[in-house]
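Here is a brief report on how one protein chain packs. Look over the structure first, then read on.

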Amino acid sequence: MAKKDRIKKILIEQILDKADIPYESIIFSHGMDRSTDELEKYQINEHDIYKTLALQGNVTGPLIGIVPIDMHLSEKKLAAISGNKRTDMIPTKDLQKTTGYVHGANNPVGIWQTKKFPIYFDIRAQQAGEIILSAGEVGRSIRVKAEDIAKFVHSEFVDIAVEDN
């Protein structure tokens, strides 16, 4: 591959390299709008992709819930597990100020490195083995072993997702 054709590693990939955590870089050319062709190219389906959601707990402050993209986060379940009476999604206008990332680019590695917010992965990630997460830029993702990433960000696997209705 010619030098100018190489894709520059972004910060999250550099952090994972330094920590010796294997991953695969995935680039979606249309940002969060993933085409069927791109999903087939990487041999993934929507359920393999996980979204990183930032919430505010009434006791703990900011916390992160990670669930499959085709499911919803149960704020009630997350509140109970995290020691809060309730949790609310952080408004989009406050997201970058709180997590350091824009909507669609939140990722547990970067948030843990800079903020140390509590992070909770849905149990389905552990069951899946490998998952796909945002890599800190819209359109950039990583495929990584759920156990590896959860251990790195001091997370636990809990039941926080509910079926999409």
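Contact here means heavy atoms within 4.5 Å.

## Basis

This is a predicted model, in which local features need pLDDT of at least 70, side-chain atom pairs count only at pLDDT 80 or more, and totals for chains, interfaces and linings use all residues. Residues are numbered from 1 along each chain as its sequence is written, and side-chain values use heavy atoms, with hydrogens and water left out.

## Threonine 52

Threonine 52 sits in strand 2, residues 50-57. Its contacts include Ile64, Gly65, Ile66, Pro108 and Leu133, leaving aside residues up to four places away in sequence. Threonine 52 counts as buried because its relative accessibility is 9% (buried means under 20% relative accessible area, with a 1.4 Å probe and protein chains only).

## Helix 1 against helix 5

Helix 1 (residues 11-18) packs on helix 5 (residues 108-115) at about 80°, and the axes lie 9 Å apart. The two helices are therefore roughly perpendicular (angles of 65 to 115 degrees). Helix 1 brings Ile12, Ile15 and Leu16 to the contact; helix 5 brings Val109, Gly110 and Gln113.

## Nonpolar cores

A nonpolar core is a set of buried Ala, Val, Leu, Ile, Met, Phe, Trp, Tyr and Cys residues joined through side-chain atoms within 4.5 Å. The largest one has 31 residues, and Leu16, Phe121, Ile131, Leu133, Ile142 and Val144 have the most contacts inside it. Among the elements giving two or more residues to this core are helix 1, strand 2, helix 5 and strand 8 (140-145). A second, separate core has 11 residues, including Leu55, Met71, Tyr120 and Ala161.

Notes. Helices (H or I, at least four residues) and strands (E, at least two) are DSSP runs, numbered from the N terminus. Buried means under 20% relative accessible area, exposed over 50%, partly exposed in between (1.4 Å probe, protein chains only). Axes are lines fitted to C-alpha atoms, for helices over the stretch in contact, and angles run from 0 to 180 degrees between N-to-C directions. Angles under 35 degrees count as roughly parallel, over 145 as roughly antiparallel, 65 to 115 as roughly perpendicular and the rest as oblique.
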